[in-house]
Amino acid sequence: MEISADLGRCVGAGQCVLVDPEAFDQNDQDGTVIVLRPHPRSTLEIARATEAVNVCPGRTLSLRD
């Protein structure tokens, strides 16, 4: 699995960081997402990544096999 982010769509809401602060952060200058863990491996990591994708208001994040 891999998480990718389309920074052009990011609105800086930080919902992904709230879901999983170990996998996501925000850029200090503009608030855009920083993916800290692009390859979730455990069941919990994948579940959190999926939730982050689903709650992202800008539909910035995607998760693919």
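Modeller: A salt bridge is a side-chain nitrogen of Lys or Arg within 4 Å of a carboxyl oxygen of Asp or Glu. By this rule the count comes to three. This is a predicted model, where local features need pLDDT of at least 70 and side-chain atom pairs count only at pLDDT 80 or more, while totals for chains, interfaces and linings use all residues. Residues are numbered from 1 along each chain as its sequence is written, and side-chain values use heavy atoms, with hydrogens and water left out.

Start with R37 and D20. Their closest N and O atoms are 2.5 Å apart. R37 sits in the loop between strand 3 (33-35) and helix 2 (43-55), and D20 in the loop between helix 1 (15-19) and strand 2 (24-26), so the pair ties together parts 17 residues apart in sequence. Helices (H or I, at least four residues) and strands (E, at least two) are DSSP runs, numbered from the N terminus.

Both R37 and D20 are buried. Buried means under 20% relative accessible area, exposed over 50%, and partly exposed in between (1.4 Å probe, protein chains only). For R37 the value is 16%.

R37 also meets E45 in a salt bridge, at 3.7 Å from N to O. E45 is partly exposed, at 22%.

Now take E2 and R64. Their side chains form a salt bridge at 3.4 Å, N to O. This pair links distant parts of the chain: E2 is in strand 1 (residues 2-5) and R64 in strand 4 (residues 61-64), 62 residues apart. E2 is partly exposed, at 29%. R64 is partly exposed too, at 44%.
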